[in-house]
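Trainee: Could we walk through this model together, one question at a time?
Mentor: Gladly, let's have a look.

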Amino acid sequence: MIKRCKWAEEHELLKKYHDQDWGVPIYCDQKLFEYLTLEGAQAGLSWLTVLKKREHYQKAFHNFSIERVAAFTTKELEELLKNQHLIQHQLKLKSVIHNANCVLKIQEEFGTFSYFLWSFVDHTTIVNQWTSHLDVPSYNTLSETLSKSLKSHGFKFIGPTICYSFMQAAGMIHDHTAECFKFGTLK
């Protein structure tokens with residue numbers, strides 16, 4: 001029997017996401033924008049709720065095309081707010097469009113969103129050695145620093161806990177625990 005990080009053992013979608021996506025380093029701006037959006041959508045909800053809606057988010061936000069989302073009109077926002085396949089939270093949905101515009105500004109300033117984000121970890125995955133899921137923090141000083149920087153660039157729904165989850169998901173922080181079959185795969 002395959003052992004996974006404890007959070008991923010409850011549902012097949014969680015297992016698949018854990019095994020194929022979570023913690024794999026991402027350098028594509030569009031994919032990073034997707035992960036950041038989904039982490040923001042998750043605030044106050046379970047990750048399983050977001051994963052069940054992931055395909056709908058991909059469709060509604062044109063596969064997270066940054067330029068396309070940044071150009072959304074008021075009418076398109078209204079359509080999002082009627083889309084029952086998305087998490088119906090007006091501020092969260094508005095923040096996706098707002099954050100896409102922030103990503104464009106970061107791309108102008110730093111070349112790529114990826115370069116900007118990965119600079120917080122010196123462009124190298126931080127590999128932690130957690131024995132158990134109880135050891136894994138929900139945020140740390142690095143995620144606080146990233147959160148403050150993103151907020152200073154205008155981003156919304158981007159607190160330290162969301163940033164830590166994002167960094168884990170995007171492979172900036174490797175937090176597979178010792179009981180997990182993926183533990184140590186980035187050493």
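What follows is a short exchange on the fold, the cysteines and a few individual residues.

Mentor: Before you start, keep in mind that this is a predicted model, in which local features need pLDDT of at least 70 and side-chain atom pairs count only at pLDDT 80 or more, while totals for chains, interfaces and linings use all residues. Residues are numbered from 1 along each chain as its sequence is written, and side-chain values use heavy atoms, with hydrogens and water left out.

Trainee: Thanks! How many helices and strands are there in the protein chain?
Mentor: Helices here are DSSP runs of H or I with at least four residues, and strands are runs of E with at least two, numbered from the N terminus. Read from the N terminus, the order is α-α-α-α-α-α-α-β-α-α-β. That gives 9 helices and 2 strands.

Trainee: What is the radius of gyration of the protein chain?
Mentor: The radius is taken over C-alpha atoms, and the globule rule is 2.2 Å times the number of residues to the power 0.38. For 187 residues that rule gives 16 Å, and the chain comes close to it, so it is as compact as a globular protein of that length. The radius of gyration is 16 Å.

Trainee: And which share of the residues counts as buried?
Mentor: Buried means under 20% relative accessible area, exposed over 50%, and partly exposed in between, with a 1.4 Å probe and protein chains only. Applied to the 187 residues of the protein chain, the buried share is 47%.

Trainee: Among contacts between residues at least 6 apart in sequence, what share joins residues at least 24 apart?
Mentor: A contact means heavy atoms within 4.5 Å. With that cut-off, the share in the protein chain is 68%.

Trainee: How many disulfides does a search of the whole structure find?
Mentor: A disulfide is a covalent bond between the sulfur atoms of two cysteines. The search asks for a pair of cysteine sulfur atoms within 2.5 Å. The number found is 0.

Trainee: Which cysteine has the sulfur nearest to that of Cys-5?
Mentor: Cys-5 is buried, at 1% relative accessibility. Cys-5 is in no disulfide, and the nearest cysteine sulfur is 3.8 Å away. That sulfur belongs to Cys-180.

Trainee: How far is the sulfur of Cys-163 from the closest cysteine sulfur?
Mentor: Cys-163 is buried too, with 0% relative accessibility. The closest cysteine sulfur is in Cys-102, too far for a bond, at 13 Å.

Trainee: Is Lys-105 buried or exposed?
Mentor: Lys-105 is found in helix α6, residues 90–110. The relative accessible area of Lys-105 is 57%, so this residue is exposed.

Trainee: Which residues does Glu-144 touch, not counting those up to four places away in sequence?
Mentor: Glu-144 lies in helix α8, residues 141–152. At 29% relative accessibility, Glu-144 is partly exposed. The residues touched are Tyr-139 and Pro-160.

Trainee: Where does Asn-63 lie?
Mentor: Asn-63 has a positive phi of about 55° although it is not a glycine. Asn-63 counts as partly exposed, at 45% relative accessibility. Its place is the loop between α3 (47–60) and α4 (66–70).

Trainee: Last one: what is the phi of Phe-157 near?
Mentor: Phe-157 sits in the loop between α8 and α9 (160–169). At 28% relative accessibility, Phe-157 is partly exposed. Phi of this residue is positive, in a residue other than glycine, and near 55°.
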